[in-house]
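Hi,

Here is the structure I said I would pass on to you. Have a look at it first, then read my notes below.

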Amino acid sequence: MSDILIVDDEPDIRELIADILQDEGFATRTAANSDEALAEVNAEQPGLMILDIWLKDSRMDGLDILKHARVNNPDVPVVIISGHGNIEIAVAAIKQGAYDFIEKPFNIDQLLVVIRRAMETSRLRRENASLRRRDNAAAEMLGQSAPFRRLRDNLDKVAKSNGRVLLTGEPGSGKEMAARYIHAHSARADAAFVTVPCATIEPERMEEVLFGRESPERGVEPGLLEQAHGGVIYFDEVADMPLGTQPKILRVLTEQQFQRAGGSDKVRVELRVISSTTRDLPVEIEAGRFRQELYDRLNVVPIAVPSLSDRREDIGLLARHFIAQFHASQGLPLRTLPEDAVTALQTMRWPGNIRQLRNVIERVLILGEGSGPILPAELEPQSAFGDQGEALALGPQITGLSLREARELFEREYLLTQIDRFGGNISRTAQFVGMERSALHRKLKSLGVVGGMRVDDEALVK
């Protein structure tokens, strides 16, 4: 969007301005009337338009074209030129949104100064709008486990392409962070990243939010698709997109253009689409709640984001990161996290995944006393043990067993929890529980759980 469109009905003027600008290093296009001008703008938005007021044999004059440009291409600065200039025309042009007005015959140096200022102003306006749209938080992904490394490798691969990505995973597992990681490591990193929260937008407002609207009273109100032009649009929980909106999004993906609500002209967009869902979309398709054609368009590169339970080795690293983050952003105590506290975290259930871990750390830092090390007892809302000296409360499922059966049940659950904690790494599990690797294998076999073990990722995590 760096070329200049010159619209003038006089061939000599068009060619003169084009030659001057090309000598100054600008790319140019020309049009002799309104139809040619609008066709050029629709084909590719120019960086600036030089527009003559009076156009012979044209369906629209310069002011009409200016009005059209302000509605459909508000980021394009327009410099008006005219050989019949007067103060009324100049005032009318500026009121309609023209950047400046130059009367023929014009001074070349003056024209170049105005053009450079207009393009710089437009560039700064686009950058400011982009910064307002973007979440400047770094797309930082932390982890050392084998499942995390596989995820990051896949994200690095897709970041180099422009293919559509469908992220799947449990709530809170980090799907939006994965989408931001793709954006931050792609060629579009300096462009917008716009999130569409499909689950929270009211269905009757979805199309207005996506496509924008225009009205005589409020002018043009760009939608999220238009705001994402040149960058990435992220459909969060895409399964919640209203069924009536889905074919319209499918058409946008196919044609790369749409109409605003209340508008009649096509708006062209060029963007990358990343989607995410916690649901099984083929099941949603079978139930008639999601369109097969849209699924096929979005599911070009499917990537599964692992749950926190599948990457327990990363819990300590993530927890310490959150401690430092809350200290920097909220001034909460910079407490240490000893290994026994990490062990407690690794053995907990995490249905809310990384989001839940972050909330637990924030709660502990807010409610905890002092700034010393975090104790394991602070981490669980209710400890399995009571106060010191209080006995462990045993349920009937335990007390109804013999001592041998209860011991075997405990050993089985304890060892499987530790194996899960260390990502299936038998060597590290054996080292932690204080057993030889071969002895641990024999113990697991005696407990009848060898067949249920996950593949040993020892080679991956060494």
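What follows is a short tour of what turned up in it.

One thing to keep in mind from the start: this is a predicted model.

**Around β4**

Let's begin with strand β4, which covers residues 78-82. Five of its five residues are buried, so to speak a mostly covered strand. Looking at the side chains, V78, I80 and S82 point one way, while V79 and I81 point the other way, and all are buried. To get from β3 to β4, the chain passes through helix α3 (residues 62-72), and this β-α-β crossover is right-handed.

Which strands does β4 pair with? One is β3 (residues 48-52), parallel to β4 and joined to it over four bridges. Another is β5 (residues 100-103), again parallel, with four bridges.

**The five-stranded sheet**

Next, find the open sheet of five strands, in the order β7-β10-β13-β6-β14, with parallel pairing.

For β14, the pairing is with β6 (residues 165-168), in the parallel sense and over four bridges. There, L166 stands opposite P302 of β14.

Two helices lie across strands of this sheet. Helix α6 (residues 146-159) lies across β6, β13 and β14, and runs at about 155° to β14. Helix α7 (residues 175-184) lies across β6, β7, β10 and β13, at about 155° to β7.

**The nonpolar cores**

The largest nonpolar core has 33 residues, and those with the most contacts inside it are V196, L225, I233, F235 and I249. Among the elements that each supply at least two residues of this core are β7, β10 and the helices α8, α9 and α10.

What does I233 touch, leaving out residues up to four places away in sequence? Its contacts are V194, V196, L224, L225, A228, L271, R272, V273 and I274. There is also a second, separate core of 24 residues, which includes L318, A341, M348 and W350.

Note on methods. Residues are numbered from 1 along each chain as its sequence is written. This is a predicted model: local features need pLDDT of at least 70, side-chain atom pairs count only at pLDDT 80 or more; totals for chains, interfaces and linings use all residues. Side-chain values use heavy atoms; hydrogens and water are left out. Buried means under 20% relative accessible area, exposed over 50%, partly exposed in between (1.4 Å probe, protein chains only). Two strands pair if DSSP finds at least two bridges between them. A crossover is right-handed if, with the strands pointing away from the viewer, the path from the first strand over the helix to the second runs clockwise. A nonpolar core is a set of buried Ala, Val, Leu, Ile, Met, Phe, Trp, Tyr and Cys residues joined through side-chain atoms within 4.5 Å. Contact means heavy atoms within 4.5 Å. Axes are lines fitted to C-alpha atoms, for helices over the stretch in contact, and angles run from 0 to 180 degrees between N-to-C directions.
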